[in-house]
Amino acid sequence: MTLNAMNLARPVIIALGLLAFWQGIVVVSEAPPYILPPPLAVLETLIERIGELLPHAGITALEILLGLGLGTLLGGASALLIASFRPARRWLMPVLVVSQALPVFALAPILTLWLGYGLASKVAMATLIIYFPVTSAFYDGLRRVPQGWLELAQNMGGSRTAILRQIRIPAAMPAFGSGLRVATAVAPIGAVVGEWVGSSHGLGYLMLHANARLQIDMMFAALLVLAVISLTVFYLVDWTLKRAIRWRPEG
Amino acid sequence: MSTAPGIIIRDAAMAYRGDAVFDGVNLDVPGGSWSCLLGASGVGKSSLLRYMAGLDGRADISGTAVMDDGDGLEGKVAFMAQRDLLLPWLSVLDNVLLGPRLRGAPAQADRDRAAVLLDQVGLAGREADLPDTLSGGMRQRAALARTLMEDRPIVLMDEPFSALDALTRHRIQALAAELLEGRTVLLVTHDPLEALRLGHRTFVMAGSPARLDDPPLIPPGQPVRAVDDPALAGLHADLLSKLGLGRVAA
């Protein structure tokens, strides 16, 4: 098998392995279906009720994507601000830390109270959870630009703005990329927690609803769909970053 | 370029957190030729170069460094560091165009000139490649083209060739000597042979805080000199003893 074919086959093999593991636990533990439904039963439910699942999946995906976009924009802008102006650093850093010190879970009811049961509160949650990894990673990247590059640019008569645009931002891109990868991996948390706290749409809502009615196979079906969404978004972001940032930072 | 200005340094001093790097340095670098600044590693010769280039913000400095026509050095000095400092995300051509890029958008004339310079340093055909794909020697050639692109009358070099293998170093030294002809070049080096080969004159920097040995050593003939010239062998020993080898041996 060539390396490329292996790259394509690997996710399939991992998925099959996890399914086999799941089935194995069902068999060994003899858990009743209302505690741990076997994979086949979940798959059956998934296909049977896909019409019901998909609209909710669309809402959750939209929340994740909007949160990701907004969080990345806000995080990027904050990092630029903090890196460019000393006063901004003094004033914004504490805010940044506070935004992380308060758990998103604790903020969820308040955000729902303020922003309502619709899309806005979930997007806000996802944004909040994405904001910090993007800001801190990008800021770190902007700060750690090799001194030699900056001196060279100064010697060439580059203005502060030109140096920021031509040297510091591109140099910080790999760090920004790692921050964005982390953010993408945690973004679904914000959306789903938001849906748990109060909503009438989305996979989180669907799972709570199914749980209350002891439709455990439906819960698992929703979980599967969420996993597919999360993985797809992650690999899309990863793929885009790899193509956009083709160079490696020097050791 | 035959009228490239010289540099006059008076009473230059630099200290980091109270520790003097050098002190009371006076140096006259004649215009339009190569001068070498020779010293052991860590003696402060790089600091003196950075002092002239106006690069060190964190050190306490005093004294003056001006051109021999009385004007300041600002905007007249190009700097080549030990590392090539190529930006890994820009193509070789765009790296050479870094100065115009930083000062606005490069004009077509800039692009044409950059292409000519890349041809002169032997990198024709590599314009679109990323620095990652170049060897160490090629990278310093690209850095040399970038320095030439700035077209400053004074070029300060901080051992830019020290990390290269001997053969590559010889070739790129000769190339630099050819392409920088007529400019005022000050090359910092710890290698006496390199100084003898390339410099019209060599200043020796030694001691702590560092001082300059005056007057400079002026080897016979014109650079680039052949390293197997017997006259250089004696001067080589001379320079080594000035660098402190004599004291170590004794």
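**Figure 1. Helices lining the second largest pocket of the predicted model**. Helix H1 (3-29), helix H2 (39-48) and helix H10 (216-244) of chain A each contribute at least two lining residues; helices are DSSP runs (H or I, at least four residues), numbered from the N terminus. H10(A) provides the largest share, 10 residues. The pocket holds about 710 Å³, and among its 19 lining residues Ala15(A), Leu18(A), Leu224(A), Ala227(A) and Leu231(A) are the closest to its centre. A pocket is an open set of points on a 1 Å grid over the protein atoms alone, where a 1.4 Å probe fits, with protein on both sides within 12 Å along at least five of seven lines; lining residues have an atom within 4 Å of a point. The volume is the space filled by probe spheres set on the points, which are joined across faces, edges and corners. The lining comprises 17 nonpolar, 1 polar and 1 charged residues (nonpolar: Ala, Val, Leu, Ile, Met, Phe, Trp, Tyr, Cys and Pro; charged: Asp, Glu, Lys and Arg; polar: the others, Gly among them).

**Figure 2. Lining of the largest pocket**. This pocket has a volume of about 840 Å³. Its lining divides into 11 nonpolar, 5 polar and 9 charged residues, and H8(A) gives the most, 5 residues.

**Figure 3. Packing of H6(A) against H8(A)**. Helices H6 (residues 119-143) and H8 (residues 160-197) of chain A pack at about 160°, their axes 7 Å apart. Axes are lines fitted to C-alpha atoms over the stretch in contact, and angles run from 0 to 180 degrees between N-to-C directions. H6(A) and H8(A) are therefore roughly antiparallel (angle over 145 degrees).

Residues are numbered from 1 along each chain as its sequence is written, and chains are lettered from A and ligands numbered from 1 in written order. In this predicted model local features need pLDDT of at least 70 and side-chain atom pairs pLDDT 80 or more, whereas totals for chains, interfaces and linings use all residues; side-chain values use heavy atoms, without hydrogens and water.

Conventions:
Angles under 35 degrees count as roughly parallel, over 145 as roughly antiparallel, 65 to 115 as roughly perpendicular and the rest as oblique.
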